[in-house]
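Subject: Structure for your review

Dear colleague,

Please find the structure below, together with its sequence.

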Amino acid sequence: AMPGGLFPAYVDLHTAKPIVDEAAIFTIGSRGDSFYEYTCKQALSRANLAQRRMYAAACEAALNSVKQHLIVDFPCGATTTFSNEGCAFVASATYDGAQRSFQAVHEMEHLACFIIGPLLQFRASSSEGGDDAASMMRENHALAQRIGHTCVAMYDATPTGLAAEKV
């Protein structure tokens, strides 16, 4: 089944509904980054409390789905400055409508590095809630750090210092 909180990369311009057909693509890299980034930013920037709550709920659902379905942890390479710490990447995914199956694709686009901001932003905006919120804040901070290690390594791994579009 398709996880809630994630949205496919394509939306029908006439109906504003997500296109989930035989081969829907889910990514927080190119074609998806702005949706996730601005959904979370709206949770902090809207003056209207009802709108802030709506965007906060959408941001939380998206981040939770990303964490549950698209995060892949791995040891950092010995040649990185983070060799003793963990790394993580944000996979893309496909949904086969005919088979009703959701499958992670183990590749990361460098544009997905933006997710560090929403992870930390939402962590900061969710400070109410006691122990659960504090636990989520620590978890998001640690994940943001592991993704950050990967993003830095993507640039450090090339002679030019420019990261590839996708690894």
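The chain holds an open sheet of 3 strands in the order E1-E4-E5, with antiparallel pairing. Strand E1 (24-26) and strand E5 (101-105) stand at its edges with a single partner strand each, so one side of each has no neighbour in the sheet. On average, neighbouring strands of this sheet are turned by 25 degrees against each other, direction ignored; such angles are taken between axes, which are lines fitted to C-alpha atoms (for helices over the stretch in contact), and run from 0 to 180 degrees between N-to-C directions. Helices (H or I, at least four residues) and strands (E, at least two) are DSSP runs numbered from the N terminus, and two strands pair if DSSP finds at least two bridges between them.

Please note that this is a predicted model, in which local features need pLDDT of at least 70 and side-chain atom pairs count only at pLDDT 80 or more, while totals for chains, interfaces and linings use all residues. Residues are numbered from 1 along each chain as its sequence is written, and side-chain values use heavy atoms, with hydrogens and water left out.

Within the sheet, E1 and E4 run antiparallel and are joined by 3 bridges; Phe-26 stands opposite Ala-93 in E4. Strand E4 (residues 92-96) pairs with E5 in the antiparallel sense over 5 bridges. Here Tyr-95 stands opposite Phe-102 in E5, and Ser-92 has Val-105 as its bridge partner in E5. The hairpin of E4 and E5 has 4 residues between the strands, and Arg-100 in this hairpin takes a positive phi near 55 degrees.

As a whole, the chain contains 4 helices and 5 strands, which run β-α-α-β-β-β-β-α-α from the N terminus on. Of its 167 residues, 37% count as buried (buried means under 20% relative accessible area, exposed over 50%, and partly exposed in between, with a 1.4 Å probe and protein chains only). Among contacts (heavy atoms within 4.5 Å) with a separation of 6 or more, 56% are between residues 24 or more positions apart. The chain exposes about 9,400 Å², of which carbon and sulfur atoms supply 55%; the areas come from the Shrake-Rupley method with a 1.4 Å probe, and for residues only the protein chains shown count as cover.

Two buried residues deserve a description. Leu-70 lies in the loop between helix H2 (49-69) and strand E2 (71-75), and is buried because its relative accessible area is 1%. Not counting residues up to four places away in sequence, Leu-70 touches, among others, Leu-6, Val-90, Ser-92 and Phe-102. Val-90 lies in strand E3 and is likewise buried, with a relative accessible area of 2%. The C-alpha atoms of Val-90 and Cys-113, 23 residues apart along the chain, are separated by 8.3 Å.

The second largest pocket has a volume of about 190 Å³. Of the 14 residues lining this pocket, the closest to its centre are Phe-74, Thr-150, Ala-153, Met-154 and Val-167. Strand E3 (86-90) and helix H4 (130-156) each supply at least two lining residues, and H4 gives the most, with 3 residues. On a 1 Å grid over the protein atoms alone, a pocket is an open set of points with protein on both sides within 12 Å along at least five of seven lines, whereas a cavity is a set where a 1.4 Å probe fits but cannot get out; lining residues have an atom within 4 Å of a point. Grid points are joined across faces, edges and corners, and a volume is the space filled by probe spheres set on the points.

Yours sincerely
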